[in-house]
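Visitor: I would like to learn how to read the features of a model such as this one. Please take them one at a time.

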Amino acid sequence: MKKLFCIVVSLLAVQIVFAQITVPIPATLEGSIFNLKVQKGTSEIFPGQRTNTIGYNGAQLGPTLILQKGETVTINVDNQLDDTTTVHWHGLHLSPANDGGPHTPIMAGNTWSPSFKVMDQASTYWYHPHLHRKTLNQVVKGASGFIIVRDPAEASLNLPRTYGVDDVPLVFQWKTFDESKQIVEMDEVDNEVLVNGVLKGATLNLPAQVVRLRLLNGSSHRYFNFGFSNNLEFKQIAGDGGLLDAPVAMTKLILAPGERAEVLLDLSKSLGQKLLLQHFGTELPMGYPGGMMMMMMGGTENMMGPLDDTDFDLMQIQVLAPTPNAIGSIPPALITNTPLSSNGAFNRDLTMTARPQMSMTNFFLNESKFEMNTINFKVSKGAAEVWTLTNQTMMAHPFHLHGNSFWVISVNNRKPAANLLGRKDVITVPPINGAVKIVVRYDDFSDSVTPYMYHCHILSHEDNGMMGQFLVAPLLSGTHDNLSKEKLKFYPNPADKMLVFEISEKSLEKAKFQVIDVMGRVVLEQQIQVINGQGNIPVEQLTPGTYTAKMLLLGKLYAGVFIKQ
Ligand SMILES: [Cu+2]
């Protein structure tokens, strides 16, 4: 009896401890100059125990950066670690030099100060280290924070946006702790889950009205399959890089590592109630880390963690009184997205493989590993490309592209689910010959030195080389093997005053036209109106000689040679 009493008391004590923990909301930073100090510290994640962590402006995680579209910001990152780091602004549309990838290291004691114009749509982004072979180490120890971009289109909608009240950022992270409650720098066998840096099971107070949760899977390896108790319906309004056309109703939402979603939850009839945000690992598709993994035939790698293929509570929601001016309903429509056209796009294939084929740790992109000094390919600025991502491995891989959003054309040859139809920067490529087609176009930044990255966002895979890099080359200059070329036909040729060209494309469009002399210099560059497949180039000013002409129209490169008399 005494023993039973002790158990009851200790269970109560555990309940009280959990009930007292509320989900912390990160502080915010706003304005045009942001100061981030990345530093080591300790955090009390387990009661009475100190865990060594890394954070920005604190011991763990970091402040939420609130950015306004169209404004120019400077972010000073002061590295107070005794190690090199970088900070990648995950999802933001930036020049390669500002992107914070592995080529922009911040040495210990140094400050990096990228300055850029915010060009992104209102959505939820994040920042985290991206030093090659150190990304896992620094992210799992706690280095990451939210970025919220606001813009006029989002501001004109009747949506919850009072930070920390009816608009709450929530980062969910699988982690591995050792017996002394220290974070282990590996992610194959995660044994705990944190929500905004505290153990799962903590409480979030929300008002009885429509609320917005900004969900980020900030894990290094595993997926989440979110849902609420009683199968409560919720609506996704934004994906990685912007609002969707309309809210998408759902009861479950899978997020890959690095992926974000904004969801609305109508709590207006739930005053005084408690509900649960839960993870449904048993319902993850086969081969998605966190769910059931493939059985390794004769394999020696045990990749299952203690919480894999299980369901558990992530967070309690306590519904309190509504706030004044509460949002009472969910708008039926949001914005109008215009996906990139894939007409005339160059096709590029990226294939994910494992060696040996059943390996769950050793992955390749196009049969190669990331090399700091190897540029894998060049992309022409302004030219659309369709990338076909094929996964020949036994597990799902979340593909992440730097510097720009992309649009998903198909997943396993089918139209993507409605919640994937907005701007994306992370997309899951399903296992066992899964295929995803995306369309990308880099319109704004070119750089002949600093590349953009593409990689798997499972951080042990990334650190182990499941990554590549590409340069964005200026439109038309140099030679590009990656554009389909069509011959420009000229007449008269030789020409004296006016050169007329003819192409097969009959649409009415403006094209970018360049004339290059025998020395490779661009001697004429202008926008040309192409009408019914024809256009005029004034060549009177050119000195007599032989010239190459190049034209980019609807993502397709045209080239030809003419003689000026
Ligand atoms: Cu991977």
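Guide: Start with the metal. Donors are N, O and S atoms within 2.8 Å of the metal, and water is not among the atoms, so a site may look incomplete. Keep in mind as well that this is a predicted model.

Visitor: Which residues coordinate the copper ion here, and through which atoms?

Guide: The copper ion has His397 (ND1), Cys456 (SG) and His461 (ND1) as its donors, at 2.0 to 2.1 Å. Along the chain, these donors follow the spacing H-x58-C-x4-H. Histidine 397 belongs to strand β27 (residues 397–401) and cysteine 456 to strand β31 (residues 452–456), so this pair ties together parts that are 59 residues apart in sequence.

Visitor: Are histidine 397 and cysteine 456 buried or exposed?

Guide: Buried means under 20% relative accessible area. Histidine 397 is at 0% relative accessibility and therefore counts as buried. Cysteine 456, at 1%, also counts as buried.

Visitor: How is the chain divided into domains?

Guide: Domain 1 covers 346–473 and domain 2 covers 485–564. Their C-alpha centres lie 34 Å apart.

Visitor: How do I read a sheet, and in what order do the strands of the open sheet come?

Guide: Two strands pair if DSSP finds at least two bridges between them. In this case 5 strands form an open sheet, in the order β24-β23-β26-β30-β28, with mixed pairing. The edges are β24 (363–365) and β28 (407–411); each has a single partner strand, so one side of each is left without a neighbour in the sheet. On average, and with direction ignored, neighbouring strands of this sheet are turned by 20° against each other.

Visitor: How many bridges join β23 to β24?

Guide: Strand β23 (residues 346–354) is joined to β24 by 3 bridges, and the two run antiparallel. Within β24, leucine 365 is the bridge partner of methionine 352.

Visitor: Where does phi take a positive value in a residue other than glycine?

Guide: Leucine 61 is one of the cases, with phi near 55°. Leucine 61 lies in the loop between β3 (51–56) and β4 (64–68), and at 10% relative accessibility it counts as buried. Asparagine 325 has phi near 60° and is placed in the loop between β22 (311–320) and β23. At 77% relative accessibility, asparagine 325 counts as exposed; the cut-off for that word is over 50%.

Visitor: What is the volume of the largest pocket, and which residues lie nearest its centre?

Guide: The largest pocket holds about 460 Å³ of space. Its lining has 26 residues, and nearest its centre lie Ile254, Tyr288, Ala417, Asn419 and Leu420. The elements giving two or more residues to this lining are β18 (242–250), β19 (253–255), β20 (260–266) and β29 (426–429).

Key. Residues are numbered from 1 along each chain as its sequence is written. This is a predicted model: local features need pLDDT of at least 70, side-chain atom pairs count only at pLDDT 80 or more; totals for chains, interfaces and linings use all residues. Side-chain values use heavy atoms; hydrogens and water are left out. Domain bounds come from an automatic or database domain assignment. Donors are N, O and S atoms within 2.8 Å of the metal (3.2 Å for Na, K and Ca); water is not among the atoms, so sites may look incomplete. Helices (H or I, at least four residues) and strands (E, at least two) are DSSP runs, numbered from the N terminus. Buried means under 20% relative accessible area, exposed over 50%, partly exposed in between (1.4 Å probe, protein chains only). Axes are lines fitted to C-alpha atoms, for helices over the stretch in contact, and angles run from 0 to 180 degrees between N-to-C directions. On a 1 Å grid over the protein atoms alone, a cavity is a set of points where a 1.4 Å probe fits but cannot get out, and a pocket is an open set with protein on both sides within 12 Å along at least five of seven lines; lining residues have an atom within 4 Å of a point. Grid points are joined across faces, edges and corners, and a volume is the space filled by probe spheres set on the points.
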